[in-house]
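Here is a protein chain to look at. The questions after it ask what stands behind the words used to describe it.

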Amino acid sequence: MPNDTRRGFLGLVGAGLAIAARPAWALDTGEARALIEKSLAEVYAVINSGQPPAQMYRAFEAIFARYADVEIIARSALGPAARQAGGAEFAAYRQAFQGYIGRKYGKRFREFIDSKIEVTGAKPVKSFFAVTSVAYLKGRSPMEVEWHVSDKSGKSRYFNIIIEGVNMLASERAEIGAMLARRKGDLAALTADLQQAG
């Protein structure tokens, strides 16, 4: 499967998990499964709604912003440069990154029409919960998907997704790192470009 398709799927699953990421993760596998299935049903409702693409991208960005641990994901993607950034500079980057993720993954929504995800389990792993599933995409072989949920930020949020060994945090760190390097470490320039990218 092409990298763009994998990344698009990562974003889609991330948006779905975001809706479900609530404190109930700590209860049991059955309740975690029910929350994820409900969240994915809502995501698929958006995908199959027939909304114009731009409206759909905004919907995915809103889901990401509300339920993902955007702070952790944005910092991880930026890498060491995040520690050197000033507060206002990082806040501007974080906002641009959020929009970039929403557009980047939202543009691939058509690939997931008529697809489904079957949740297969949930378990505690160190300081977070790992929820496993199998994704069935139209015309493609089933894919294993695992997402990670933590409440370190004070609320249960997803902070990473792994699909067939492809790690979202690592992928975004490599991509954002390369973009920053091309701009000779200029975070303001990266932020400006992220506002248009995706």
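What follows is a set of questions and answers on this predicted model.

Q: What makes up the secondary structure of the chain?
A: The chain has eight helices and five strands. Along the sequence they follow the pattern α-α-α-α-α-α-β-β-β-β-β-α-α. Of the 198 residues in the chain, buried ones make up 48%. Among contacts between residues at least 6 apart in sequence, 58% join residues at least 24 apart.

Q: How do you know that strands E1 and E2 pair?
A: Two strands pair if DSSP finds at least two bridges between them. Nine bridges join E1 (residues 116–125) to E2 (residues 128–136), so these strands count as paired. They run antiparallel. Within this pairing, Val119 stands opposite Ser133 of E2.

Q: What lies between E1 and E2 in their hairpin?
A: Two residues lie between the strands. Lys126, in the turn, has a positive phi of about 55°.

Q: How do you know that E2 also pairs with E3?
A: The cut-off is at least two bridges. E2 and E3 (residues 143–150) have seven bridges, so they count as paired too, in the antiparallel sense. Val134 has Glu144 in E3 as its bridge partner. The hairpin of E2 and E3 has six residues between the strands, and Gly139 there takes a positive phi near 75°.

Q: What makes E1 and E5 the edge strands?
A: The five strands form an open sheet in the order E1-E2-E3-E4-E5, with antiparallel pairing. E1 and E5 (166–167) each pair on one side only, and they are the edge strands.

Q: Why is Gly121 called buried?
A: Gly121 is found in strand E1. Its relative accessible area is 12%. Buried means under 20%, so Gly121 is buried. The C-alpha atoms of Gly121 and Thr132 are separated by 5.2 Å, and these residues are eleven apart along the chain.

Q: Why is H4 called roughly perpendicular to H6?
A: Helix H4 (residues 70–78) packs against H6 at an angle of about 100°, with the axes 10 Å apart. Angles of 65 to 115 degrees count as roughly perpendicular, so H4 is roughly perpendicular to H6.

Q: Which residues make the contact of H4 with H6?
A: On the H4 side they are Val70, Glu71, Ile73, Ala74, Arg75, Ala77 and Leu78. On the H6 side they are Phe90, Tyr93, Arg94, Phe97 and Gln98. By class, this contact of H4 with H6 has eight nonpolar, one polar and three charged residues.

Q: Why does Gln98 count as buried?
A: Gln98 belongs to helix H6 (residues 87–106). Its relative accessibility is 8%. The cut-off for buried is under 20%, so Gln98 counts as buried. Leaving out residues up to four places away in sequence, Gln98 touches Glu61, Phe64, Ala65 and Val70.

Q: What makes Tyr93 a buried residue?
A: Tyr93 lies in helix H6. Its relative accessible area is 0%. That value is under 20%, so Tyr93 is buried.

Q: Which residues does Tyr93 touch, not counting those up to four places away in sequence?
A: Tyr93 touches Ala74, Ala77, Leu78, Ile176, Leu187, Leu190, Thr191 and Leu194.

Q: What makes the contact of H7 with H8, and how do its residues divide by class?
A: Ile176, Met179 and Leu180 of H7 meet Leu187, Leu190 and Leu194 of H8. The residues of this contact divide into six nonpolar, no polar and no charged. Leu and Ile are among the residue types that count as nonpolar, and Met is another.

Key
Residues are numbered from 1 along each chain as its sequence is written. This is a predicted model: local features need pLDDT of at least 70, side-chain atom pairs count only at pLDDT 80 or more; totals for chains, interfaces and linings use all residues. Side-chain values use heavy atoms; hydrogens and water are left out. Helices (H or I, at least four residues) and strands (E, at least two) are DSSP runs, numbered from the N terminus. Contact means heavy atoms within 4.5 Å. Buried means under 20% relative accessible area, exposed over 50%, partly exposed in between (1.4 Å probe, protein chains only). Axes are lines fitted to C-alpha atoms, for helices over the stretch in contact, and angles run from 0 to 180 degrees between N-to-C directions. Angles under 35 degrees count as roughly parallel, over 145 as roughly antiparallel, 65 to 115 as roughly perpendicular and the rest as oblique.
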